[in-house]
Amino acid sequence: MSQVNYSAMSDEELRQHFLRHREDKTAFRAYLDRLSKRRREIITTVDDPDFDAKIQAAVLRQMQAAGNNGDAAV
């Protein structure tokens, strides 16, 4: 089997590679490493009185962004 250069792949290419080759544990680890390095936005806290509205607004923003980019949010 030839060596696969995961770092040369885009996030979506790496995701698709893993989905096609689920036995490739190295690809899975590479994908999880990328996800763990991403900055995460804190949307709200559990005790926030507007918790539901903020979560719904964040989900809607992600759905709209995915629709504009033609990609699914990861």
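Predicted model: local features only at pLDDT ≥ 70, side-chain atom pairs only at ≥ 80, totals over all residues.

Biologist: Start with α2. How far apart are its end C-alpha atoms?

Modeller: They are 18 Å apart. Helix α2 covers residues 25-37, which is 13 residues.

Biologist: What caps the N-terminal end of α2?

Modeller: Asp 24 does. One of its side-chain oxygens lies 3.3 Å from the backbone nitrogen of Thr 26.

Biologist: Which residues of α2 are buried?

Modeller: Ala 27, Ala 30, Tyr 31 and Leu 35. They cover an arc of only 135 degrees around the axis, which puts them on the same side of α2.

Biologist: Why would residues a few places apart point the same way?

Modeller: An α-helix has 3.6 residues a turn, so residues three or four places apart point the same way.

Biologist: And which residues are exposed on the other side of α2?

Modeller: Ser 36 and Lys 37 are exposed there.

Biologist: What do the buried residues of α2 pack against?

Modeller: They pack against α1, residues 11-20.

Biologist: Now α1. Which of its residues are buried?

Modeller: Leu 14, His 17 and Phe 18. Their arc around the axis is only 95 degrees, which puts them on the same side of α1. What covers them includes α2.

Biologist: How do the two helices cross? Is it left-handed or right-handed?

Modeller: α1 passes α2 in a left-handed crossing. The axes of α1 and α2 come within 9 Å. They cross at roughly 145 degrees.

Biologist: Which residues meet there?

Modeller: From α1, you have Asp 11, Leu 14, Arg 15, His 17 and Phe 18. From α2, you have Ala 27, Phe 28, Ala 30, Tyr 31 and Arg 34.

Biologist: Let's zoom in on Ala 30. Why does Ala 30 count as buried?

Modeller: Its relative accessibility is 18%.

Biologist: What is Ala 30 in contact with, leaving aside neighbours within four places in sequence?

Modeller: Tyr 6 and Leu 14.

Biologist: How far is Ala 30 from Leu 14, C-alpha to C-alpha?

Modeller: Those atoms are separated by 8.2 Å. Along the chain, the two residues are 16 residues apart. Leu 14 is also one of the buried residues of α1, and Ala 30 is one of those in α2.

Technical notes. Residues numbered from 1 in each chain as written. Heavy atoms only, no water. Helix = DSSP H or I, 4+ residues; strand = E, 2+ residues; numbered from the N terminus. Expected span 1.5 Å × (residues − 1). Buried < 20%, exposed > 50% of the residue type's maximum accessible area, 1.4 Å probe, protein only. Arc of directions from axis to C-beta. Contact = heavy atoms within 4.5 Å. Polar contact = N/O pair within 3.5 Å; in protein donor to acceptor, adjacent residues only side chain to side chain. Axes fitted to C-alpha atoms, helices over the stretch in contact; angles between N-to-C directions. Left-handed = near helix turned anticlockwise from the far one by under 90°.
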